[in-house]
Amino acid sequence: MTTKYQDSLHDLQERIKELECLYRISDLANRPELLTSEFLQRSIDLLPAAMQFPDVACARLMIKTQLYISPDFKESTNKLSVEINEHFGDHGTLEVLYPLEPDYTFLTEEIKLLEAVAHQLALVLDR
């Protein structure tokens, strides 16, 4: 029973991290005083903490010729990537990487989170 409870508690804590990330990005999107570049960088800075392994996760956003990376960014082939596009076409690519742990896999919830963040970014870029 304890293991099932601990597993449920862990899953709940992971969903809380993901929701917190979405709430904070949504809050940033509603701050008209922020430049678009500030919004994008702050959004990228929030992503690693929402991942299953936040201590090794990093994020990158490529918008045309602009690059936004999270602190301590390291390149890796172990990454999750989604395109950012909405009504006004292709804006770029959003990625989360696990550079130090090539065996870490991405959860379905992390994929959904990245897609939701990409949608939020696209809405701001379309404005």
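This is a predicted model: local features need pLDDT of at least 70, side-chain atom pairs count only at pLDDT 80 or more; totals for chains, interfaces and linings use all residues.
1. Helix packing. Helix 1, which covers residues 2-29, packs with helix 2, residues 36-46, at an angle of about 170°, and the axes of the two helices are 10 Å apart. Since angles over 145 degrees count as roughly antiparallel, helix 1 and helix 2 are therefore roughly antiparallel to each other. On the side of helix 1 the contact is made by Cys21, Arg24, Ile25, Leu28 and Ala29, while helix 2 contributes Phe39, Arg42, Ser43 and Leu46. Sorted by class, this contact of helix 1 with helix 2 has 6 nonpolar residues, 1 polar residue and 2 charged residues.

2. Cysteines. How many disulfides does the structure hold? The count is 0, and the positions of the sulfur atoms show why: the sulfur of Cys21 has its closest cysteine sulfur in Cys58, 14 Å away, which is too far for a bond, given that a disulfide requires sulfur atoms within 2.5 Å.

3. Salt bridges within helix 1. The structure holds 7 salt bridges, among them one between Lys17 and Glu14, whose closest N and O atoms are 3.3 Å apart. Both of these residues lie in helix 1, and a separation of 3 residues places Lys17 and Glu14 about one turn of the helix apart. Lys17 is partly exposed, at a relative accessible area of 23%, whereas Glu14 is buried, at 6%. Another salt bridge joins the side chains of Arg15 and Glu18, with an N to O distance of 2.9 Å; Arg15 and Glu18 both lie in helix 1 too, 3 residues apart, or about one turn of the helix. Here Arg15 counts as partly exposed at 22% relative accessibility, and Glu18 counts as buried at 8%.

4. A salt bridge between strands. The side chains of Arg60 and Glu95 meet in a salt bridge with an N to O distance of 2.6 Å. This pair links distant parts of the chain, with Arg60 in strand 1 (residues 58-63) and Glu95 in strand 4 (residues 89-97), 35 residues apart.

5. Loop residues with positive phi. Lys64 is not a glycine, yet it has a positive phi of about 50°; the residue is found in the loop between strand 1 and strand 2 (66-69), and at 70% relative accessibility Lys64 counts as exposed. Asp72, which is not a glycine either, has a positive phi of about 60°. Asp72 is found in the loop between strand 2 and strand 3 (79-86), and it counts as exposed at 66% relative accessibility.

Conventions:
Residues are numbered from 1 along each chain as its sequence is written. Side-chain values use heavy atoms; hydrogens and water are left out. Axes are lines fitted to C-alpha atoms, for helices over the stretch in contact, and angles run from 0 to 180 degrees between N-to-C directions. Helices (H or I, at least four residues) and strands (E, at least two) are DSSP runs, numbered from the N terminus. Angles under 35 degrees count as roughly parallel, over 145 as roughly antiparallel, 65 to 115 as roughly perpendicular and the rest as oblique. Contact means heavy atoms within 4.5 Å. Ala, Val, Leu, Ile, Met, Phe, Trp, Tyr, Cys and Pro count as nonpolar, Asp, Glu, Lys and Arg as charged, and the others, Gly among them, as polar. A salt bridge is a side-chain nitrogen of Lys or Arg within 4 Å of a carboxyl oxygen of Asp or Glu. Buried means under 20% relative accessible area, exposed over 50%, partly exposed in between (1.4 Å probe, protein chains only).
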